[in-house]
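Here is a short briefing on one protein chain. Please keep the sequence and the structure in view while reading.

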Amino acid sequence: MGKASEALKIEEDPYISSPDKCLGMNNRLGVYPQREELFGDDALISIKCPHCHNAFSNQKIRMWFGTDSDGAWAVSGTICPTRECQRLVLYLEKGDAGLIMQDGQYAQIFKPFKSGARLIRPEFVLPSIPIGTPPKIAQDYREASMVLALSPTASAALSRRCLQSIIREVSAKDIKNFKQGNLKGEINQVTKSKTILNANLIEMLHGVRIIGNFAAHPNKSKHTNLIMPVEPNEAEFNLTVIDKLLFYYFVQSPQEKKILDDINKKQQEKS
Ligand SMILES: [Zn+2]
């Protein structure tokens, strides 16, 4: 294709009406000169800041960068209002884009697909890990969280190993005659031992086996450092259970734990 026809093609493109606003990017890559900041229906977002873990509601700003053969692309973001943080939280969004008539003029709109957003700053959400967590457990938990978006299979392998370390290094201290075996058997010893009286947490530990489909994949339980098939939601669920376990063991004071355990015990007796 010659230069003249390429130029013509660009001029005919309805999205490019003001070449003087071009920011020097290659239009053929779908980077359009006109950019738009939208304050649409979903502009107000409530999130837990992935940098500092504080929750906030803030206005989201979206910039549509253009369309390529895979779809329309935008970057949306907000800034954490927490004084000590004030970092940008940015998402790359995929969606549909087009023109609409507004007040007698064409306006560009971008509609993101519901599942099309990917966190790009920070690139991953680092968990808040309680002080006192053994370093090996903290390391596995951090890495399992970091790789979740890229590889749920790798994340689940790390989180299963992390769960087993928590049970062996922390839970087992309260259990008489604890026997090391496979993850399934070790979870059973924890839940049966009554050392954790938080009913919700016990249910979640049972859930690790059920969601992980350990019955169908016995090796998953035997060799927790092996890369094994991952069930839908298994990787995320394991991370939630680790978070709750670490909170239970390292954040609550012994007094708080006793109060919580007493409440749970009473509830269990009632039901
Ligand atoms: Zn923050």
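In which helix does Tyr249 lie? Tyr249 lies in helix 7. The model is predicted. Its secondary structure comes to eight helices and seven strands. The protein has 271 residues, and buried residues make up 23% of them. Of the contacts between residues at least 6 apart in sequence, 50% join residues at least 24 apart.

**Largest nonpolar core**

- The largest nonpolar core holds 28 residues. Cys162, Leu163, Ile166, Ile242 and Leu245 touch the most other members.
- Five helices each supply at least two residues of this core: helix 2 (135–146), helix 3 (152–169), helix 4 (183–193), helix 5 (199–211) and helix 7 (234–251).
- Helix 7 gives the most, with eight residues.
- Cys162 is in contact with Ile137, Asp140, Tyr141, Ala144 and Ile242, leaving aside its neighbours within four places in sequence.

**Second core**

- A second core is separate and has six residues. Among them are Trp64, Trp73, Ala97 and Phe110.

- Is Tyr249 buried or exposed? Tyr249 has 20 other C-beta atoms within 10 Å, and 20 or more count as buried, so Tyr249 is buried.
- Thr133 is 116 residues from Tyr249 along the chain. Their C-alpha atoms are separated by 8.7 Å.

**Helix 4 against helix 5**

- Two packed helices are described by the angle between their axes and the distance between the axes.
- Helix 4 and helix 5 pack at an angle of about 165°. Their axes are 10 Å apart.
- Angles over 145 degrees count as roughly antiparallel, so helix 4 is roughly antiparallel to helix 5.
- The crossing of helix 4 and helix 5 is left-handed.
- Helix 4 makes the contact through Lys184, Ile187, Val190 and Thr191. Helix 5 contributes Ile202, Leu205, His206, Val208 and Arg209.
- The residues of this contact divide into five nonpolar, two polar and two charged.

**Loop between strand 2 and strand 3**

- Asn54 lies in the loop between strand 2 (44–48) and strand 3 (55–59). His53 is placed in the loop between strand 2 and strand 3 too.
- Asn54 is partly exposed, with 14 other C-beta atoms within 10 Å.
- Which residues does Asn54 touch, not counting those up to four places away in sequence? Asn54 touches Cys49, Thr82 and Cys85.
- Asn54 and Pro81 are 27 residues apart in sequence. From C-alpha to C-alpha they are 9.2 Å apart in space.
- His53 is not a glycine, yet has a positive phi of about 70°.
- His53 counts as partly exposed, with 14 C-beta neighbours inside 10 Å.

**Other backbone points**

- Gln86 lies in the loop between strand 5 (71–79) and strand 6 (88–102). Phi of Gln86 is near 50°, a positive value in a residue other than glycine.
- Why does Gln86 count as exposed? Gln86 has 12 C-beta neighbours inside 10 Å, and 12 or fewer count as exposed.
- The peptide bond from Arg121 to Pro122 is cis, with omega near -5°. Pro122 is found in the loop between strand 7 (105–121) and helix 2.

Notes:
Residues numbered from 1 in each chain as written. Predicted model: local features only at pLDDT ≥ 70, side-chain atom pairs only at ≥ 80, totals over all residues. Core = buried A, V, L, I, M, F, W, Y, C linked by C-beta atoms within 7 Å. Helix = DSSP H or I, 4+ residues; strand = E, 2+ residues; numbered from the N terminus. Contact = placed C-beta atoms within 7 Å. Axes fitted to C-alpha atoms, helices over the stretch in contact; angles between N-to-C directions. Parallel < 35°, antiparallel > 145°, perpendicular 65-115°, else oblique. Left-handed = near helix turned anticlockwise from the far one by under 90°. Nonpolar A, V, L, I, M, F, W, Y, C, P; charged D, E, K, R; others polar.
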